[in-house]
Amino acid sequence: MTTSPLEQLTEQTAELLASIEALATIEALREAEASLTGKRSILSTLQKSLGALEPDARKAAGAELQEARRVVESALEARRVLLLRDARRASLEADRLDLGDVIVSDVHWPLSIGHPGLVALTQRELEDVFVGMGFSVADGPEVESDWFNFEALNIPPGHPARGLWDTFYVELGEPETVVLRTHTSPTQIHLMEHAVSTNTLPIHSVMPGRCYRRDTPDARHLVGFHQIEGLVVDRGISFGDLAGVIETFTRAYFGPDIASRLRPGYFPFTEPSAEFEVTCTICHGDGCRTCSDTGWIELGGCGVLDPAVLEAVGIDGDEWSGFAFGFGVDRCAQMRHQLGDMRALIENDTRFLGQFS
Amino acid sequence: MKISLTWLREFVDLDESPDELREILDDLGLVVEGVQHVGEGLRDVVVARVEEIRAIEGADRVRLVVVDAGDGPLEIVCGATNFAVGNFVPLAPVGAVLPGGFVIAERTMRGVTSHGMLCSPRELELNDDHQGLMVLDELIEPRVGEGLLEALKIAPDVIFDISVEVNRPDAWSVEGVARDLATRLRRPLRAPSIASPNDAGSSDTFAAAGIDDPDLCGRLTVSVLRNVKVASSPSWVAQRLRNAGMRPISNVVDASNLVMLELGQPTHPYDAAHVAKRTLRARRARAGETLTTLDGVERELAKSGRGLGDTGEDCVIVDGDDRVLGLAGVMGGAASEISADTTDVLLEAAYFDPMTIARSSKRHALRSEASNRFERGVDPHLALRAAARFVEILTQSVPELSWLSNPLDVWGDVPTPPTISLRDADVERLLGVPIARDEVTTLLTGLGFTVKKKKQHLKVTAPSRRLDVREGALGRADVIEEVARLYSYRRLPRHSPTWPEPGFLTARQQLRRHVRDVVVNAGVTEAWTPTLGSDADFDLVHPGIARVRVTNPLASDESVLRATMITGLVRAWAKNFERGTGDVMLGEFGVVFQHPSATTEPRMTRGGAGGTLTLALPSENERLTIVLARPEDDASSAVALWDVLAQRLGLADVVVRSSNEPPRGLHPTRTAALVDRASGALLGYVGEVDAELVNAITVAPPLRRLGLLDVDLDALADPTLATRASMFVSVPSRYPSAVLDLAFVTPRSINAGDLAHALRQSSELVEEVTLFDVYEGPTLSEGTRSLAYNVRLSSEERTLSEDEVARGRAALLETAASLGAVLR
């Protein structure tokens, strides 16, 4: 009877484990790896020697060897994790810097020229025009309940008009109750509710902010985009006031040779509703490809507040009336700077970002 | 909706040019998205027969097609593959000018000369089809060499592509558009000719109809048509459908589509032979019922709805055996479809509850021309008129058609048109200008409103098709909008309102602007990174933390709302770095989100149907995050940038305090918290991006430290958290200051800023304390370093005496000693 090649396995395994424990650095581990579990390791040599055994004995010995290999490999892995952690800890420790000790006047600070974002710049210009016209500026959250984003704006659940907005729903609460706001209009509801509860009507506000629509990005659309919306609630406000404000804004922002006009449109939260167009800034009204030869470019939507909206926020429609308007901040930037592809705004190529001042 | 000018002219006289009409339609809110001149430029195009198709050596996209157009074989190179030898196709010969002015010339490709072009419908501007050539075999007798216009019996026409707003289902038809034009132009509106039942037999002797659920189906009419012969439509019908972008199928189906386009009423023809007991009933679908719709998909009906406001209800049409024939108002089933053998037709023209159709269509992801109309609201009173028009059209191809008398007509619940009182003042209040009563009356009457003049007001009743007009004050706004629309928005005068309240930015907005100006002036370039990211990115910084997820992302790696901007900025920087443009400081102002379960005070709001539920929303935190990535930037540079910002914002005293356990993503041993000393509030972090994070994001990890400044703008905007220095300034003493340099051996645990602050408080003589040197080395004991401060002592009243300076110095040393700092 030949002796099993695995006679010494327990001792051999113990030796291997001991030498693994003795590995002090990750570099040492990497070096030793081949001799511990690789092709030239004792385990592999033993594996080869099994070929000489009878099938039954070979099977039993194979299993035994397999188990030994598993033990060694897991010990090696555990050691590797430990050493990597130690190595990281050591390198972090060597790297340690008490930032309270930094002497700012000693810091190497080469001159670099920064650039504000195009959207931020445009938003600021728009805000300034509206502040000059007597509007305050309000912010609002980006995640809203469907009540604020839709229902209070006279778009009840299941209404086909919801299809006008490609909505991202947020996985919270009942399905479709929480959304990424599809427009800045929910901020109108917040403002009106606040004014009612604090008895601070009238409202003359614009609301810029980021919105989201589930729309595949292209040259004219991004998933995240920016709107600015205006809201006036006051006594004796009419459609004529809305048209006047749009016209004043258009000339103030785009220049005296750019005019505005309104045409009927549909928004659930305004009645009458209108789309507003401005003179094409490319051809100045002569007609070109950008404006499909009409001389006009559609910029945004507007209208007199629907009585249902006033009712939803508890404003007395007999005393107060108002209007709202809204348009894309990015679209304004695109028009003003002749930005061919909107996607450049989110690509963050510094050669693009460096053009704004 | 595509509408031809010729068709419109059947309803109203229009002498205006297409451009003028476009203006008018736009101004009516029927926005023209495109104008197409059909049949223009087709004079040179002829019918040709395909004689032979050969491959061209070395070309796999085009083939050589030999055609005969009457003058012998012509070789044409063609890329389309949807035809075979023997087919008839349109040929634009050399010299032809196609619509849009494209001139056909001889062209040589791969050594083969092409003598003309075989055309697709879109190239001929006949419709949008560009799948392949227009195969003309559907023509009854195509003749080689015949002009295409004659062969197709096409009269040149102008097609307006009109976008109809969702609140104007009444305008979603040729008649509807014509009605608006007629009213605006003050011209009469003509009605199309309609048939009358021509068979004395009563419909109820042949068929039956019923409504089980009147809330879902408001009206069900069934006309019985006998002696039907299914054939192809007359050419004028086929052309109208093609012009509208629809494909002609058979005379019965085409008549149904034509009526829908013309009047706005969808109808559905059933083969009576396949309707059990020739009975049509409308009812609620029951759970477990299924239907295979015409598109071949088996659909489970009455599934409970998932979306908000979805009741899970479906309205179905069933036969006399209660077998489901179709999803009412959305799509029919295959079983009772019209076929070539059909001889008896049951024509359904109905009114369905719009919301029911909208929900079914959404739930089954099934939209059809019919559902689009029903969900917006079809005139409940239109059904039988549409049936009569259907018969009129079908009779042209089936003269022997008989229509049984007394069409079945069952009613359920239909909306009652509201009546609204309209005072002159209402119009003026809303529009800002008075409009004469007579003009209001004319405009509304033109649209079909009934207007009764009372002493004080007009009593206005909406026509049944105006389902958009509401009751009461809401309806008043609806009616006045119609007045304004027909009157023309452009004619309404503009006012510029004024009010006493000034415009302003809030403190938060001013702060945001100020911060942006400061960091941009310091050299930061503003970036904009995505709000929606992947789980993997989220886990890099917030492993295992609850995340806010969108249920319907465009892509799986855009499904999680970001909880930090660091990842996005590092990614944006890495792209620039790979491009060789990475020597930059990139910063972003933006919102990061936290799952309501991961925060102790979630944002609560109202939501759910009716806003009756209380919902916990993600908390939103506005931050400014800057990655400093210029070649020698590191944590110290970030501290310097913070110092600039803190000083420019006039923060009273923020200490940069090394943090032992900074958030993940930040370098564990080179990060400090920005702590407002007075409030104890955390205003942000400064330091470096953890190299592990950079390595996880970049393809080839660059050996570069990335400085990081991450500021909480919400905290910065709150004066109770970010303490501002006093607005009152002090004038420096006119007496000379005594200047001391003091170096202290200080335990590592003592923060240099804290010590400076303490030194400043040590006596009223201290004017300023500035750290100017840090030393550590073998001469100092373990765990200590030397901090050297430059201290100025002064008095407002006099030059300090030596004694006073000594006392000041002693106070400084005593204070330092109390913190464990010993003069070196």
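**Figure 1. Helices H19(B) and H20(B) cross in a right-handed manner.** A crossing is right-handed if the near helix is turned clockwise from the far one by less than a right angle, and left-handed if anticlockwise. This is a predicted model: local features need pLDDT of at least 70, side-chain atom pairs count only at pLDDT 80 or more, and totals for chains, interfaces and linings use all residues. Residues are numbered from 1 along each chain as its sequence is written, while chains are lettered from A and ligands numbered from 1 in the order in which they are written.

H19 of chain B covers residues 752-760, and H20 of chain B covers residues 802-818. Helices (H or I, at least four residues) and strands (E, at least two) are DSSP runs, numbered from the N terminus. The two helices pack at an angle of about 140 degrees, with axes 9 Å apart. That makes H19(B) oblique to H20(B). Angles under 35 degrees count as roughly parallel, over 145 as roughly antiparallel, 65 to 115 as roughly perpendicular, and the rest as oblique. Axes are lines fitted to C-alpha atoms, for helices over the stretch in contact, and angles run from 0 to 180 degrees between N-to-C directions.

From H19(B), Leu755(B), Ala758(B) and Leu759(B) take part. They meet Leu812(B), Thr815(B) and Ala816(B) of H20(B). Two residues are in contact if their C-beta atoms, placed from the backbone, lie within 7 Å. The residues of this contact divide into five nonpolar, one polar and no charged. Here Ala, Val, Leu, Ile, Met, Phe, Trp, Tyr, Cys and Pro count as nonpolar, Asp, Glu, Lys and Arg as charged, and the others, Gly among them, as polar.

**Figure 2. H13(B) passes H16(B) in a right-handed crossing.** H13 spans residues 507-521 of chain B, and H16 spans residues 635-649. Their axes come within 10 Å and cross at roughly 140 degrees. The two helices are therefore oblique to each other. H13(B) brings His514(B), Val515(B), Val518(B) and Val519(B) to the contact. H16(B) brings Val644(B), Leu645(B), Arg648(B) and Leu649(B). By type, these residues divide into six nonpolar, one polar and one charged.

**Figure 3. H6(B) and H9(B) make a right-handed crossing.** H6 runs over residues 251-263 of chain B, and H9 over residues 383-397. Their axes come within 9 Å and cross at roughly 135 degrees. H6(B) and H9(B) are therefore oblique to each other. Residues of H6(B) in the contact include Val252(B), Ala255(B), Leu258(B) and Val259(B). Among their partners in H9(B) are Ala386(B), Phe390(B), Ile393(B) and Leu394(B). The residues of the contact divide into nine nonpolar, three polar and three charged.

**Figure 4. The loop between H7 and S4 of chain A holds Pro202(A) and Asn199(A).** Helix H7 covers 185-197, and strand S4 covers 203-212. Asn199(A) has a positive phi of about 55 degrees, although it is not a glycine. The peptide bond from Leu201(A) to Pro202(A) is cis, with omega near 5 degrees. Most residues other than glycine have a negative phi, and most peptide bonds are trans.

**Figure 5. Pro272(A) lies in strand S7 of chain A.** This strand covers residues 270-279. The peptide bond from Glu271(A) to Pro272(A) is cis, with omega near 0 degrees.

**Figure 6. Chain A touches chain B.** The contact joins 99 residues of chain A with 109 residues of chain B. Helix H8 (residues 239-254) of chain A gives the most to the chain A side, with eight residues. That side divides into 50 nonpolar, 25 polar and 24 charged residues. The model scores ipTM 0.89 and pTM 0.87. Chain B averages a pLDDT of 92, and 100% of its residues score at least 70. pLDDT is the predictor's confidence in each residue, from 0 to 100.

**Figure 7. Domains of chain A and chain B.** Domain bounds come from an automatic or database domain assignment. For chain A, the assignment gives domain 1 (9-98) and domain 2 (118-353). Their C-alpha centres lie 65 Å apart. The domains of chain B include domain 3 (199-411) and domain 4 (419-490). The C-alpha centres of domain 3 and domain 4 of chain B lie 35 Å apart.
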